[in-house]
Amino acid sequence: MNKLFNIVSLIWHARRPSRISDMPIVRNSLLLRKGYAGLTFFGNILAPSDDEARGFERKGSHMKNHEMIHLRQAQSTHDSWLLFYLLYGWYTLTALPQNLKMRNAAYRLNPFELEAYAHEHDLDYLKHNEATEWRQYARMSPRERRLKYGHSR
């Protein structure tokens, strides 16, 4: 029950994406599927364990950079967490049929994830880019994204 209360509290106290410069790491595994290290959640990074949280806290962490790209993407969706999550859900649902051809396709072919994974190791990416590359992926069908990017991971 305490984990659920913490999640509701994070949503209730969420600030607009443009008002966040760094996302704190919150230990909470309720929303994370097995095998995932973290999740951007209304301006916070949820981590399932202390070990995973330490991975985000390391200087130069590509894991933190990946989640910070999601923050910038939320800023590019009219500075709205709600719109970001609605679009994220839509892209995930429309890619579900690709799961028959590729494992975890609905997640891996999400335009937001394609951009974040493509640039997570470039720690200067957010200094020089607005994180709007996801829009070019969104213009492709899920099948086109699978054929073009699905075999690279």
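Modeller: Arg-27 and Glu-57 join their side chains in a salt bridge, 3.3 Å from N to O; the term stands for a side-chain nitrogen of Lys or Arg within 4 Å of a carboxyl oxygen of Asp or Glu. Arg-27 belongs to strand S1 and Glu-57 to helix H2 (residues 50–57), so the pair ties together parts 30 residues apart in sequence. Helices (H or I, at least four residues) and strands (E, at least two) are DSSP runs numbered from the N terminus. Arg-27 is partly exposed at 41% relative accessibility, and Glu-57 is partly exposed at 45%. Here buried means under 20% relative accessible area, exposed over 50% and partly exposed in between, with a 1.4 Å probe and protein chains only. A network of salt bridges links Arg-27, Asp-50 and Glu-57.

The model is predicted: local features need pLDDT of at least 70, side-chain atom pairs count only at pLDDT 80 or more, and totals for chains, interfaces and linings use all residues. Residues are numbered from 1 along each chain as its sequence is written, and side-chain values use heavy atoms, with hydrogens and water left out.

The whole structure holds six salt bridges. One of them joins the side chains of Lys-64 and Asp-22 at 2.7 Å, N to O. That pair links distant parts of the chain, with Lys-64 in helix H3 and Asp-22 in the loop between H1 and strand S1 (25–27), 42 residues apart. Lys-64 is buried at 15% relative accessibility, whereas Asp-22 is partly exposed at 45%. Asp-124 and Lys-127 also meet through their side chains, at 3.1 Å, N to O. Of these two, Asp-124 is partly exposed with a relative accessible area of 37%, and Lys-127 is exposed at 64%.

Helix H3 (residues 62–76) also contains Ser-76, which is buried at 14% relative accessibility. The side chain of Ser-76 makes a polar contact of 3.0 Å with the side chain of Trp-134; such a contact is a pair of N or O atoms within 3.5 Å, where within protein one must be able to donate a hydrogen and the other to accept it, and residues adjacent in sequence count only if both atoms are side-chain atoms. Trp-134 and Phe-112 are both buried. An aromatic cluster includes Phe-112 and Trp-134, with Trp-81 and Tyr-85 also among its members.

How values were computed. Rings of Phe, Tyr and Trp (its six-membered ring) pair if their centres lie within 6.5 Å; planes under 30 degrees apart count as stacked, over 60 as edge-to-face and the rest as tilted.
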